Amino acid sequence: MAKKEKQPVKCDQCDLEFPESELSEKHKSKAFVWQGKVMCEDCLFKMGASPADALTYSAFVGSQQPRRPQNY
Ligand SMILES: [Zn+2]
């Protein structure tokens, strides 16, 4: 059911792949989500945005998935 979870996360602009370590909160995520697109820091700046304007990928994923599964 959860096929999407194993696909590598890539920058929407330059196809840079993000290793899982870079997606974790612990390593200060280098992957960002800005206007619905996943971007690396470089592309984020090229688009005229800054990390402050975007969500980190881990924050984005966290906001998409409820922490408590609702099985009722
Ligand atoms: Zn990029």
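Two strands are taken to pair if DSSP finds at least two bridges between them. Helices (H or I, at least four residues) and strands (E, at least two) are DSSP runs, numbered from the N terminus. The model described here is predicted: local features need pLDDT of at least 70, side-chain atom pairs count only at pLDDT 80 or more, and totals for chains, interfaces and linings use all residues. Residues are numbered from 1 along each chain as its sequence is written.

The protein comprises three helices and five strands, and from the N terminus on these elements follow the order β-β-α-β-β-α-β-α. Within this arrangement, three strands form an open, antiparallel sheet in the order S4-S3-S5. Its edge strands are S4 and strand S5 (55-56), each of which pairs on one side only.

The pairing of S3 with S4 can be followed residue by residue. Strand S3 (residues 31-34) and strand S4 (residues 37-40) are joined in the antiparallel sense over four bridges. Phenylalanine 32 stands opposite methionine 39 in S4, and tryptophan 34 has lysine 37 of S4 as its bridge partner. Two residues lie between the strands of this hairpin, in which glutamine 35 adopts a positive phi near 50°. In a regular strand the side chains alternate between the two faces of the sheet.

The interior may be considered next. A residue is buried if 20 or more other C-beta atoms lie within 10 Å of its own, exposed if 12 or fewer, and partly exposed in between, with C-beta atoms placed from the backbone. By this criterion, buried residues make up 18% of the 72 residues in the protein. A nonpolar core is a set of buried Ala, Val, Leu, Ile, Met, Phe, Trp, Tyr and Cys residues joined through C-beta atoms within 7 Å. The largest such core has eleven residues, among them Phe32, Val33, Val38 and Met39; S3 and S4 are the elements that give two or more residues to this core.

Contacts (C-beta atoms, placed from the backbone, within 7 Å) extend the picture. Not counting residues up to four places away in sequence, valine 33 touches Val38, Ala54, Leu55, Tyr57 and Phe60.

Valine 9 is located in strand S1 (residues 9-10). Why does valine 9 count as partly exposed? Valine 9 is so classed because it has 17 C-beta neighbours inside 10 Å. With residues up to four places away in sequence left out, the contacts of valine 9 are Phe18, Leu23, Ala31, Val38 and Tyr57. Valine 9 and proline 19, ten residues apart in sequence, are 7.8 Å apart in space, C-alpha to C-alpha.

Note on methods:
Contact = placed C-beta atoms within 7 Å.
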